[in-house]
Amino acid sequence: SDLHPDNGRKGGLELTATLKNRAPFAQQFPHLELTLTDTADKAVARKVLTPADYLPAKAAIADGMQPNADVAVAVGIDPGEIAASGYRLYLFYP
């Protein structure tokens, strides 16, 4: 994963990641927890992204991630006035 300035939006960030399903069967898409951190690695903001938030509008979410497939993710983030210097990204299933 990577979090970098979004060149298309002033003050915006773009989260990119690759989700990998190495199983020989389809799996549900995970939720993504993005935590922005300060210079001491303390959380300053946290956001949970559901599959509907990070997949294209026409994606077949109910079908899940196909076997042995990679899924590219790119999401625009508006941090507002938050000054973050790092991030953590966790995948989880609610």
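## Strand pairing

Strand β1 pairs with β2 (residues 13-21) in the antiparallel sense, over four bridges. Two strands pair if DSSP finds at least two bridges between them. Across this pairing, Asp2 stands opposite Thr16 in β2.

The open sheet has three strands in the order β1-β2-β5, with antiparallel pairing. Its edge strands, β1 (2-5) and β5 (69-77), each pair on one side only. On average, neighbouring strands of this sheet are turned by 20 degrees against each other, direction ignored; the axes are lines fitted to C-alpha atoms, and angles run from 0 to 180 degrees between N-to-C directions.

## Basis of the model

This is a predicted model, in which local features need pLDDT of at least 70 and side-chain atom pairs count only at pLDDT 80 or more, while totals for chains, interfaces and linings use all residues. Residues are numbered from 1 along each chain as its sequence is written, and side-chain values use heavy atoms, with hydrogens and water left out.

## Chain overview

The chain has one helix and six strands, running β-β-β-β-α-β-β from the N terminus. Helices (H or I, at least four residues) and strands (E, at least two) are DSSP runs, numbered from the N terminus. The C-alpha atoms fill a box of roughly 40 × 30 × 20 Å along the principal axes.

Among contacts (heavy atoms within 4.5 Å) between residues at least 6 apart in sequence, 67% join residues at least 24 apart.

## Burial

Of the 94 residues, 32% count as buried, that is, under 20% relative accessible area with a 1.4 Å probe, protein chains only.

Key: Buried < 20%, exposed > 50% of the residue type's maximum accessible area, 1.4 Å probe, protein only.
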